[in-house]
Amino acid sequence: MTLNTDTCPVDRNVINLKLDRNPLDYDVMIVGAGVAGMETAASMGDMGYRVLLVEKNASIGGRAILLSKVFPTLDCASCIVTPKMASVSHHPNVQIMTYSEVDGIVRKADGSFAVDLHRKAAYVDFDACTGCGKCEQICTVTVPDEFNYDLVTRRVAHIPFPQAVPKKAIIDRRGEAPCTFTCPANVKASGYISLVRAGRYREAFNLHLENAPLVGSLARACYAPCESDCTRGEKEGTVHIRGIKRFMADRYYAEHPEPEYGPVENQLGTRIAIIGSGPAGLSAAFYLAREGHQVTIFEAEKEAGGMLRTAIPAYRLPKGVVDRDIKNVTALGVKIRTGHRITSLPDLKQQGFNAILISTGAADEHGLDIEGRDLDGVMGCMQFLHEVNVGEMPDLENKTVMVIGGGNSAMDPARAAIRIGAGKVHVIINYRRGRKEMPAHDWEVVGAEEEGVELMLMSAPTRFIGRDGKLVAVECISMELGEPDESGRRRPMPIEGSEKVIPIDMAILSIGLLPSTAHFPAEMKNSKGLLIADPQTLQTPDPDIFASGDCVTAPTMMINAIAQGRRAAFYIDRRLKGESLNVPFDCVLEKADKNVVLEEADHFVERQPVPQRMLSLEERRKTFECYEQVMTEAEARQEAQRCMNCGECAQCMECVSVCAPQCIDFTQKPISRSINVGTVVMSTGYGILDPATKQLLGYGRFSDVISGPQMDRLLAPTRPYNGVLRPSDGKEPESIAIILCVGSRDRTVCNPLCCRIGCMYSMKHAQLAMGALPMAEVTIYTIDVRAFGKGYDEFYEQSKAMGIQFVKGKVARIEQLSNGNLALHYEDQLGEGGKRTREHDLVVLTVGFLPNTDAFSLYKGGELAAGNSGYVCEVDPISEPARTNVDGLFAAGTAIGVMDIPDTVLHSGAAAAQAAVYLERTRGR
Amino acid sequence: MAHKRRIGVYICHCGGNISDHVNVKEVAEALLDEPGVEISRTHMFNCSDASQQEMVDEIKEENLDGLVIASCSPKLHLFTFRAMAERAGLNPYQYVHVNLREQCSWAHTGDKVGATEKGINLTRAGVAKCALTHPLTAIRIETQPRVLVVGAGVAGMRAAISLAGMGLSVFIVERGNEPGGWASQAGRMGPDDRYGPEVVANLLAQIRNHENIILYTSAELTAKSGHIGDFTATVRLRGEEDVSLNVGAIVVTTGFTPYEPEDGEYGWGKPGVVTLKDFRQMLEAGDGPLTYNGIPVRDVGFIYCVGSRQTKGDTCPEPNTYCSRFCCMATAFSASLLHEFEKESGQTINQYHLYRDVRTYGHLEAVYTNARADGALFLRWDPKEPPRVEQSNGRLAIKVKDTLLGDEELELGVDLVVLATGMTARKNDTLNNVLKIPESKDGFYNEIHIKLRPVETAIDGVFIAGTAQGPKNLAESVASALAAVVKTGGLLKKGYVNLEPLIAEIDTDKCVWCNECLKACPYGAIERVLCGDKEVAMVIDSSCKGEGACVPVCPQDAIDIEGFRDNQIMAMIDASLKELVAA
């Protein structure tokens with residue numbers, strides 16, 4: 001995207017302003033492209049000045065384009081506003097910057113203004129977008145539609161409204177969804193969740209492949225850091241993201257036993273060797289092969305998969321799933337040479353590989369330096385799990401097994417041992433700290449305990465006792481916690497004399513893993529035996545050799561290894577293509593602010609988690625079958641509904657797939673500019689008071705109490721329900737109440753001002769409602785009826801003649817009746833007087849307006865003065881309309897106080913005249 | 001016809017305004033059968049930017065040489081679609097507008113079949129007309145960088161200062177002896193308590209300092225000739241001497257006339273019944289206690305809406321139905337001034353404000369709030385039973401039913417009744433004859449469109465501002481004056497203006513110069529010229545408005561109006577009656 005502010009198209013009659021002062025990029029900048037901004041821009045442009053019109057929304061038109069009709073003539077709002085939109089958007093002297101915000105304005109000594117501004121990232125290339133709306137149709141995320149005042153929802157990829165100018169799509173992104181942000185591989189959890197929600201499982205699976213190819217393994221055995229950062233966790237409980245993924249992966253694999261693709265078309269001649277077929281190596285191979293490189297993986301074991309195959313027990317990860325995941329990689333043409341241990345890198349280089357990736361993992365075990373460690377029956381957890389997974393199951397029936405350690409890698413052998421012994425086995429986990437210090441996931445410990453594993457806490461083995469070289473018992477000593485050590489955890493200290501001997505048949509040591517780097521030269525490793533690699537590019541000191549996974553990071557989760565594999569692939573590919581490695585990897589936004597999500601989450605209904613169905617405990621103790629049962633389709637979609645779309649856009653990429661001009665670009669960044677302008681007009685408009693502020697009137701509690709702006713949308717040609725219907729049940733209302741002065745002329749909300757347009761726009765609502773619903777009665781509750789403009793009092797008389805009832809009286813309180821209708825308690829100030837109650841089935845609150853305080857924060861060159869009521873202060877409204885306290889900075893339209901469209905148009909003319917005279921004074925000949 | 005036309009027809013839903021009552025799809029399909037029609041389709045909003053872009057692309061791709069837009073009134077969007085045609089490389093005068101909204105859908109709600117049939121016929125007529133169009137070029141006129149401002153009230157003076165500030169020369173013509181208008185007599189003005197004479201003096205000082213402004217007082221505009229961008233205005237000074245001014249535009253800020261109550265209206269004519277202006281002059285006269293006829297004033301009754309918001313009746317055959325907008329604020333502001341006077345003079349004065357609705361809109365609400373805090377008692381009356389003012393015991397009595405007290409009839413003994421009289425349109429036949437600006441039914445000058453073109457009039461180059469176009473307070477008057485300044489600037493700073501080429505054309509072969517056309521022309525846009533050795537009529541392009549008065553009077557049938565040629569009109573009639581004729 002280019003920001004074309006260098007050259008503004010100028011018609012041949014532009015005034016020649018003096019150029020001996022600071023050169024101007026534009027003669028005038030107008031901030032805000034509602035009626036006032038557009039009118040001022042067109043007027044200035046007509047006089048020959050070069051105009052920059054800045055609008056923070058994606059379309060010009062302001063609030064007026066959203067109106068139904070306009071009083072008192074009942075012209076449709078489009079008829080009034082679209083000519084203005086068209087005239088500025090095609091004006092040769094007017095440059096429009098939509099979706100852009102001014103950051104600061106400072107007045108300079110020569111009377112011109114220095115302006116910093118930026119165009120926000122829309123993630124759409126406006127130059128290429130044709131406004132076809134396909135992205136909007138396919139987008140999987142809905143949010144409340146602010147252009148319909150939240151009456152309905154819209155998609156996150158959207159064109160603001162049908163008459164938008166320019167008609168371009170934008171994509172809302174609040175930030176990266178916490179799940180995606182937290183995932184080491186940035187797997188777009190929010191994306192595949194939204195696709196599952198939409199029933200597009202194949203697309204969901206394919207989206208996952210973009211960040212991690214081993215979908216099935218992750219769906220079963222990932223520790224799911226995403227779930228720990230889920231915003232729904234702050235409410236009813238985290239979304240079971242991995243459960244949704246399991247459904248998605250299982251469904252896809254059931255339908256697609258083989259991948260849907262083969263090797264990519266464009267094959268390159270470059271050859272890459274990858275050492276190790278664990279998650280890091282497989283992932284790197286996948287992304288490199290997708291670029292067309294020739295990839296060979298060397299695997300020392302008999303079968304590929306690394307830890308996925310040898311370490312993770314089948315009750316967590318069935319080996320068939322690993323096989324299917326590996327097909328995702330091999331389908332691309334990746335060769336895996338199993339049973340082939342690489343011991344010499346130079347040999348490998350000599351075989352003609354252009355690059356080597358080492359991803360040998362960390363499967364070597366920490367020993368325990370105590371007496372009896374070599375006894376038969378004492379083994380490492382990797383050794384034990386290897387036997388369980390790919391060797392022969394040991395006989396554990398009626399035996400006692402002790403697992404030493406408190407991490408996740410202690411849980412796997414312990415829980416596997418239970419299953420091998422089919423319940424007739426005594427499994428003890430011996431850990432030297434307490435329960436809450438255990439590094440294993442809580443749910444793992446709970447699961448282990450449920451299955452019968454005994455925890456022996458605050459205890460450490462001191463020696464193994466054998467008979468005939470075979471383990472028969474262990475001596476343990478009780479521990480207590482002392483001062484914190486360098487890791488911050490309290491150091492366990494043995495309690496002298498607390499030793500006791502426990503008879504056991506097997507001891508499994510799960511006290512840590514070491515990188516499997518024994519075959520590599522010392523100069524490639526650090527003191528811990530980890531391979532030395534640049535943390536950004538994963539390139540080792542030998543530029544042709546890269547390293548990724550546990551052998552670089554030390555033992556960690558599968559998803560970390562996958563992330564490393566993809567990262568290594570990215571930089572290897574660049575190196576082999578001769579491209580710079582000095583580029584960032586994934587383009588990730590800041591994490592979305594959960595507090596903002598929760599604040600805006602009023603519209604989220606409560607959704608309890610879908611319970612995870614499990615095998616019975618009895619079955620769990622006997623079988624290596626997965627204990628977690630896969631969600632049904634209904635369950636998965638229901639759980640997916642619980643996602644709060646924290647990032648707004650979920651990056652499901654569906655829009656990208658349908659966008660013919662390929663204009664969607666998630667790497668787009670805001671573009672900042674500094675410019676110089678001769679004068680500034682603030683036409684920043686007004687805000688709308690939150691009707692919920694008047695609590696007793698029930699807005700937000702009763703869905704048939706709506707605001708005036710919402711009523712306008714119900715009556716507009718582009719109306720959301722295609723009719724005037726009650727939001728609660730879609731019924732046509734029969735008795736509509738319109739309450740004036742809600743939050744205007746009202747000290748309880750600190751707004752003593754009259755809103756100036758409420759009486760008129762409410763009578764418009766009443767007349768239009770009577771037209772749309774001939775049988776409906778309409779009653780307007782008023783203090784005074786202020787119909788003061790040209791033709792306005794006649795409109796009032798016409799309203800009365802049409803049968804609209806006017807009640808002079810303040811409504812104090814609204815209650816909902818058992819039939820769903822609303823009871824208005826009010827004071828009838830005419831006639832009999834007194835407190836009255838009346839029933840209506842739709843209530844419209846004609847809300848007051850608020851100053852838009854943006855103007856004040858934009859001006860950084862001192863203080864832009866506000867009037868008593870908080871609007872921009874006109875210093876001399878009688879002689880110098882539109883002039884503010886800052887010489888050369890003017891305010892047009894409702895920025896100085898809410899007014900109707902005719903008054904706004906006139907006031908904008910005044911602002912333009914003032915700005916023109918200022919330009920002539922400071923810049924003229 | 002030389003070649004087959006390629007015409008595009010675009011029917012607008014107008015977001016339901018048309019499509020709710022006319023089956024637009026059916027119209028579009030029917031039009032495909034018309035000769036020359038290449039494209040016929042519908043849009044939700046023809047005027048939307050996206051639809052325009054689509055049409056531009058199609059005009060270019062399909063190489064169209066005619067365009068028919070069937071949508072709202074051309075008053076709204078004629079220029080929108082002309083500009084669109086230009087962007088598409090199509091001559092804007094080969095575009096024909098059909099009004100399917102005001103002339104079809106809105107007129108025939110509830111008869112979709114009939115309305116659809118009419119819509120087809122109207123659009124067919126548009127196509128038939130379009131087929132006979134040919135490219136035209138606008139008439140370009142050089143503009144004069146000078147402006148005439150009529151009326152030297154605050155609005156006129158303020159407009160002149162900005163016009164001069166933009167580099168234009170300004171003449172102000174004021175009928176009275178002094179500039180300043182009503183503000184110079186207004187004293188203290190709400191809501192910001194500005195002193196009228198001071199505001200005027202300030203403006204006058206700026207005008208005197210400006211070399212580009214010439215102010216004529218005791219002067220009247222008596223004649224105007226020429227056209228937009230280049231008028232000649234005749235100004236009579238002191239009733240004797242004429243000066244001729246060549247200006248590019250005229251800004252009319254002639255202000256209002258205060259309502260003069262009828263005899264007996266709210267006691268008007270009785271001693272002690274005064275207008276708000278009179279009362280304020282009494283209050284601000286200064287010396288000593290507030291008295292009337294020598295008697296200290298103890299009670300004052302203010303009656304609002306005098307001469308405003310009237311309903312037609314026996315006593316009021318020509319009612320002012322409008323709200324005068326400024327009087328509530330001005331009267332409520334007077335309440336605070338009266339209270340201030342009480343505090344300063346020590347004289348206790350009760351004040352009663354008899355109102356219908358207090359219309360202190362927007363920021364002005366503070367004035368009303370202050371008035372109540374300052375002791376003004378507000379009583380609300382119903383126009384069905386307005387207050388009556390009677391003389392009683394040497395004082396005045398106001399009898400009023402207060403609707404807020406259960407319609408209880410109150411009798412208020414007062415020393416003064418102050419009538420808050422509204423604004424009425426200024427009567428000035430001389431000026432109206434010269435300028436011919438259309439008036440609204442209230443008698444105020446009428447703008448073209450209150451939201452789209454609020455300071456422009458049907459007379460090109462003549463702008464209106466201030467209370468000449470309707471009641472306004474001073475700030476609003478000045479804002480509108482500056483809005484007129486901007487439109488004037490847009491016209492004159494460019495140096496030229498394009499005029500419509502849709503004007504009369506004379507077939508010199510047929511013309512025998514009989515003078516009938518010149519007699520009929522309201523603009524004097526015909527002159528007699530020699531064509532070879534024959535005298536014929538010739539149209540003065542810059543003066544002709546194309547209204548067509550000359551066409552029917554020509555005995556030789558020698559005159560046609562571009563865009564409304566006889567053959568086009570005949571073709572339209574034939575096309576719209578096509579089915580009738582066929583049957």
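This is a predicted model: local features need pLDDT of at least 70, side-chain atom pairs count only at pLDDT 80 or more; totals for chains, interfaces and linings use all residues.

Visitor: How many C-beta neighbours does B:Ser543 have inside 10 Å, and how is the residue classed?

Guide: A residue is called buried if 20 or more other C-beta atoms lie within 10 Å of its own, and exposed if 12 or fewer do. B:Ser543 has 17 such neighbours and therefore counts as partly exposed.

Visitor: Which residues does B:Ser543 touch, leaving aside those up to four places away in sequence?

Guide: B:Ser543 touches B:His227, B:Tyr523, B:Gly524 and B:Ala525. As for B:Gly524, 19 residues separate it from B:Ser543 along the chain, and the two C-alpha atoms are 7.4 Å apart.

Visitor: Let us turn to a strand. Is β25(B) mostly covered or mostly open?

Guide: For a strand, one reads the burial of each residue and then each face. Strand β25 of chain B comprises residues 416-421, and six of its six residues are buried, so by the burial cut-off it is mostly covered. On one side lie B:Leu416, B:Val418 and B:Ala420, and on the other B:Val417, B:Leu419 and B:Thr421; both faces are covered.

Visitor: Which strands pair with β25(B), and in what sense?

Guide: Strand β16 (residues 273-275) of chain B pairs with β25(B) in the parallel sense over three bridges. Here B:Val273 has B:Val417 as its bridge partner. Strand β19 (residues 299-306) of chain B also pairs with β25(B) in the parallel sense, over five bridges. In that pairing B:Ile303 is partnered by B:Leu419.

Visitor: How does one read a pair of helices, and at what angle do α6(B) and α7(B) cross?

Guide: One reads the axes, then the handedness, then the residues in contact. The axes of α6 (residues 154-165) and α7 (residues 196-209) of chain B come within 10 Å and cross at roughly 30°. This crossing is left-handed. Helix α6(B) contributes B:Val154, B:Met157, B:Arg158, B:Ala160 and B:Ile161 to the contact, while α7(B) contributes residues including B:Val199, B:Leu203 and B:Gln206. By class, the contact has nine nonpolar residues, one polar and one charged.

Visitor: What does chain B look like as a whole, in secondary structure and in span?

Guide: Chain B has 16 helices and 32 strands, and its C-alpha trace spans about 90 × 60 × 45 Å along the principal axes. Of its 583 residues, 50% are buried.

Methods:
Residues are numbered from 1 along each chain as its sequence is written. Chains are lettered from A and ligands numbered from 1 in the order in which they are written. Axes are lines fitted to C-alpha atoms, for helices over the stretch in contact, and angles run from 0 to 180 degrees between N-to-C directions. Helices (H or I, at least four residues) and strands (E, at least two) are DSSP runs, numbered from the N terminus. A crossing is left-handed if the near helix is turned anticlockwise from the far one by less than a right angle, and right-handed if clockwise. Two residues are in contact if their C-beta atoms, placed from the backbone, lie within 7 Å. Ala, Val, Leu, Ile, Met, Phe, Trp, Tyr, Cys and Pro count as nonpolar, Asp, Glu, Lys and Arg as charged, and the others, Gly among them, as polar. Two strands pair if DSSP finds at least two bridges between them.
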